[in-house]
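Student: Please take a close look at the part of this model that a record annotates. Then carry on from there, in one connected account, and state the cut-offs as you use them.

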Amino acid sequence: MIPSLPLRAKGLETPEYTVRRWTRMSIWGTSGLGVAVVVMALLPFMVNLSVTYAMIDFFILLLLAMTWNMLAGYGGMVSVGQQAYIGIGAYAVVVFADTFGLNIIVTILLAAIVSAILAFPISFFAFRLVGGYFAIGTWVLAEVVRLIVVQFPQIGGGSGVSLAAMSDLPKELRIAFSYWIALGAAVIVLVVCVWLVRSRIGLALTAVRDDVTAASTSGVRVQSVRRRVFIFAAAAAGVAGALVAISTLRVQPDSVFSVQWSAFMIFIVVVGGVGTLEGPIIGAIIFWALKQLLADYGPLYLILLGIVGIVFVLFVRGGVWGAVSRRKRLELFPVGYRFSRSDKDGSKQAP
Amino acid sequence: MNLLEPIVQGILLGGLYALFAAGLSLMFGVMRIVNLAYGDFAVLAAYGSLVVINVAAVNPLVALVVVAPLMAVLGYVLQRTVLQRTLGASPLPSLLVTFGLSIIIQNALLLFGSADQQRLSLGAIDTASVELPFGVRVGVFPLGVFVLAVILLGILSWITARTQYGRLVRAVSDDPDTVTLQGANPKIIYGVATAIAFGLVAIAGVAAGIQTSFSPSSGSMLLIFAFEAVIIGGLGSLWGTLGGAVILGVAQTVGAAFAPAQQILAGHIVFLLFLAFLPNGLSRRKVRA
Amino acid sequence: MLNVSGLTAAYGQVTAIRDISLAVDAGGILAVIGANGAGKSTLLKTIAGLLPATSGTIFFDGDDITRRSAFDRVRRGIALVPEGRRLFPSLTVQENLQTAFASKRKGAWTLDAVYDLFPLVAERRHRRAGNLSGGEQQATAIARALVTNPKLLLLDEVSLGLAPAIIADLYARLPDILAQGTGILLVEQDVSQAMKVADSVHCLLQGATSLTGKNLTMADISGAYFGVDKK
Ligand SMILES: Nc1ncnc2c1ncn2[C@@H]1O[C@H](COP(=O)(O)OP(=O)(O)OP(=O)(O)O)[C@@H](O)[C@H]1O
Ligand SMILES: [Mg+2]
């Protein structure tokens, strides 16, 4: 049954209009993804360890890209500083698991919370800047976080620290465990993103992105909506950092706080399709595949990513998803609105 | 502790940062482009000079005479062919493209050069110093860079205030459509502005390459310093930018005098203080972004 | 001098003017009138080159300029005084006039000559254009267009938001401009004002020509203006 809410226009002899959010496409898309999640949950039993390990990386990239897309694609906040929270999340796991001996799952939640809490004051600095200067501003803030973190010899200073808590687990188990957590986190982030886009926050965000002045004069509390998304993205990046820590067992400031994370998120979203929910998923698949194939080429691979990214921005603005869905209005998620007129006899026709 | 010396050194360092900041702020002022590859172009110019020095056995200043015009031409071509296509209401395309350029330049330098730190040298001038009043000793080269920065900013500010090109630059940042109605082609105005910015960044890059060392990845830091100087100085004001650069330089050198490892963090903190308490920087003017 | 035929232009998918044909001669005035949203400004923007024509042709001095850029048209001698004046607010009045040197056209309208024509503009020359009154702004906008020494001057709603005395004052300058052999295409909401100065009138209704001719009566026009006879 397709959930629908009838809207009745009073007075005029207009037929009834029905607003639907689910379409046949989005029903299939969403159920297809549901099945995919179940299959992926069984993956560690079916493939070898290195594949499972590589898939953790995929989920980390996926959840980073989905939230960066919420920031930039929906909220117009082009952050180049998400690595601040990746780093903080990674260190949070080490501190809470090794120093306080907390359960790993709990430390991941704490990584999200600590990142979110940190994002709150940071947002006040970052939100003073707009557009391009916002981007560099977030980058500076991430640098500040890194420079402060490396002050502490207790967590390895500039040379990094190892995560002891999970190292006594058998390797297979540890990787499978990390994999499931990564899968779970990616699914949760995806659900939250879908919910955000469907909700009033999503509408408000798009309004803010499209026209800040108009949105604020029409009653959208611009800063508060943007701040909530900023904090959500930080929490997700914190989880990504936590996943890096538990899957690699090593936290190095220069790598967890690397601006390359931002480069990767941006590439994924741009190639997949900015401002759509489907884009980051497709982009993550493409990026991940390229990485498996080409990462050994080092600088050459990164140059290629840069070129491909630029070509997409210049010539394929909507990314792969935009190009695919241009002709038909495709959507995998029930986030749009469809109007249809139901005549007296109840048959439906497109307007 | 005698703070006079670090303060004077910081002021001179500010001259170098002002050279960086001026081009960044010019590109933003005219085209609303924030060029995330800006620092990398400075490093590219430094490597370019290295190549010229190795090939022609000249000193870095002579190399600069070759490299700066080449960078200006590169800037013009880049603006006309690539950046022009990213202009529009949304800052996203230009940010993404310049970030992509940043990655390409850094990795291309890694590929053709090496990850090692490099340095340009002027021979004896590198270490020469002069004594100023109150017994402050400063390097001859940093002093020269500061003087050069003031001269170049003076020229730039004269161009914007007094020449036809400068008028068109200011007009185009008000309203590009109406500039076409005066018979000017905004694309050429943009191209020339980018050329000027790239010429400046070449000078700044070579100066930085003599004063400190550089590596393929050092562009990011240069971008950040330029940005901090621009924000501290207040958008849209050239002399404000010099002021901002000097404040940043002094923050770093004074910070380093207290804790040698914290030079950069000290600069960041002063920047954040400005962002929190004086978000429009030294100039009170508000600029739309 | 200007020959427009079958001109159609659109904003994205929405066609704003359709199949318009008109001509302006050197030293002549054609007034385009029409209700709000009729497409008058769109017509001028398309002739000036700010909006591409989707079909039709624009000939100027015998050359087809339909595909030429806006700045090239200015260099050939077409100047637009846009709706809403569009001065550069951060430049002074004099600097606003000087931007018109970009057209590289020489002629009678030097800075001194336009200052003579508009003494008020001369008085305000060092003031920022953002701080001018509406009348001063409009005079400056016309002066700026004149500095390009146009053969054809496109005026979009000179009278908009101005007091009658100031409007009359501005219109009183038109003969001096025409005397240089400049043709004028003016858009005006105020029909009687337009009829007073124009040799002929072109009336637009919802993007299309509804009436055109010389020596029309108010009765002819009100039908074409409001589209009464079409309903
Ligand atoms: N920038 C634009 N984008 C989209 N549509 C536009 C734009 N400018 C004008 N239009 C539309 O084109 C049509 C013609 O507008 P135009 O401004 O040419 O009318 P006008 O006759 O000058 O009206 P007015 O007397 O109010 O100035 C209108 O329906 C208007 O809504
Ligand atoms: Mg109009």
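Tutor: In an unreviewed UniProt entry, the annotation "transmembrane region" covers residues 6–29, 41–74, 94–113, 134–159, 188–210, 222–251 and 257–278 of chain B (positions follow the numbering used here, feature names are shortened, and annotations may be inferred rather than shown by experiment). The model is predicted, with local features needing pLDDT of at least 70 and side-chain atom pairs pLDDT 80 or more, while totals for chains, interfaces and linings use all residues. Residues are numbered from 1 along each chain as its sequence is written, chains are lettered from A and ligands numbered from 1 in the order written, and side-chain values use heavy atoms, without hydrogens or water.

Over residues 6–29 of chain B, the chain is 100% helix and 0% strand, with the end C-alpha atoms 32 Å apart; helices (H or I, at least four residues) and strands (E, at least two) are DSSP runs, numbered from the N terminus. For residues 222–251 of chain B, the span is 87% helix and 0% strand, and its end C-alpha atoms lie 16 Å apart.

In chain C, ligand 1 has 13 residues around it, of which Lys40(C), Ser41(C), Thr42(C), Glu83(C) and Gln189(C) come nearest (a residue is near if one of its heavy atoms lies within 4 Å). Helix 1 (residues 40–48) of chain C gives the most to this shell, with three residues. The shell divides into four nonpolar, six polar and three charged residues, where Ala, Val, Leu, Ile, Met, Phe, Trp, Tyr, Cys and Pro count as nonpolar, Asp, Glu, Lys and Arg as charged, and the others, Gly among them, as polar.

Turning to individual atom pairs, a polar side-chain atom of Thr42(C) lies 2.4 Å from an oxygen atom of ligand 1, and a backbone N or O atom of Gly37(C) lies 2.8 Å from an oxygen atom of the ligand. A nitrogen atom of ligand 1 is also 3.3 Å from an N or O atom in the side chain of Tyr11(C); a polar contact here is a pair of N or O atoms within 3.5 Å. Taken alone, ligand 1 exposes 630 Å², and the protein buries 60% of that, the areas coming from the Shrake-Rupley method with a 1.4 Å probe.

Terms used:
Polar contact = N/O pair within 3.5 Å; in protein donor to acceptor, adjacent residues only side chain to side chain.
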